[in-house]
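Biologist: Before we discuss individual features, may I ask you to show me the sequence and the model together?

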Amino acid sequence: PDTWFRVFWVMLAAALILQDVLLIPLGFFDLRTATPMTALSWLSILFWTCDIFVGLITGYHHEGIVEMRPSRVVAHYLRGWFLIDATVVFLDWFLLDYSSSATADLVNNGKADTVGY
């Protein structure tokens with residue numbers, strides 16, 4: 001839990017949370033179809049998906065000792081943040097799939113209208 005990778009990971013997480021705080025309200029202005037927004041959405045969803053796996057292997061401090069035994073680390077994560085992380089990641093993937101399907105339907109309906117169907 002005290003490595004340079006963990007510090008980098010937490011800083012990246014903070015940056016992505018800040019990005020969400022700033023960009024989610026812009027979703028009301030239909031900017032999500034812009035390429036940079038799509039790229040940032042993919043970056044965010046892939047990061048948070050990977051974060052679940054990182055959480056499963058990241059030790060923790062317990063009574064002044066760093067706990068690194070895999071069984072205890074996994075149990076600690078499952079009892080802690082796992083449910084919240086998994087729910088948010090599931091919703092992200094679901095909404096990404098839903099928005100992709102809705103966009104595809106819109107494009108297909110638009111093509112059908114231009115052809116005269």
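Biologist: What share of the contacts with a separation of 6 or more comes from residues 24 or more positions apart?

Modeller: A contact means heavy atoms within 4.5 Å. In this protein, residues 24 or more positions apart account for 61% of the contacts with a separation of 6 or more. Please note that this is a predicted model, in which local features need pLDDT of at least 70 and side-chain atom pairs count only at pLDDT 80 or more, while totals for chains, interfaces and linings use all residues. Residues are numbered from 1 along each chain as its sequence is written, and side-chain values use heavy atoms, with hydrogens and water left out.

Biologist: How is an aromatic pair to be read, and how many does the structure hold?

Modeller: A pair of aromatic rings is described by the distance of the centres and the angle of the planes. Rings of Phe, Tyr and Trp (its six-membered ring) pair if their centres lie within 6.5 Å; planes under 30 degrees apart count as stacked, over 60 as edge-to-face and the rest as tilted. The structure holds seven such pairs. One of them joins F47 and W48, whose ring centres are 4.8 Å apart with planes at 80°, so this pair is edge-to-face. Y77 and F82 are also edge-to-face, at 5.9 Å centre to centre and 75° between the planes.

Biologist: Which residues make up the largest nonpolar core?

Modeller: A nonpolar core is a set of buried Ala, Val, Leu, Ile, Met, Phe, Trp, Tyr and Cys residues joined through side-chain atoms within 4.5 Å. The largest one here has nine residues: W9, A13, L16, F47, W48, I52, V54, Y77 and V89. Two or more residues come from each of α1 (4-23) and α2 (35-57), and α2 gives the most, with four. V89 touches W48, T49 and I52, leaving aside residues up to four places away in sequence.

Biologist: With which residue does R69 form a salt bridge?

Modeller: Side chains of opposite charge can pair when their charged atoms come close. A salt bridge is a side-chain nitrogen of Lys or Arg within 4 Å of a carboxyl oxygen of Asp or Glu. The structure holds one: R69 pairs with E67, and the closest N and O atoms are 2.7 Å apart. R69 is partly exposed at 45% relative accessibility, while E67 is buried at 10%. E67 lies in strand β2 (residues 65-67). Leaving aside residues up to four places away in sequence, E67 touches G59, Y60, R72 and V73.

Notes:
Buried means under 20% relative accessible area, exposed over 50%, partly exposed in between (1.4 Å probe, protein chains only).
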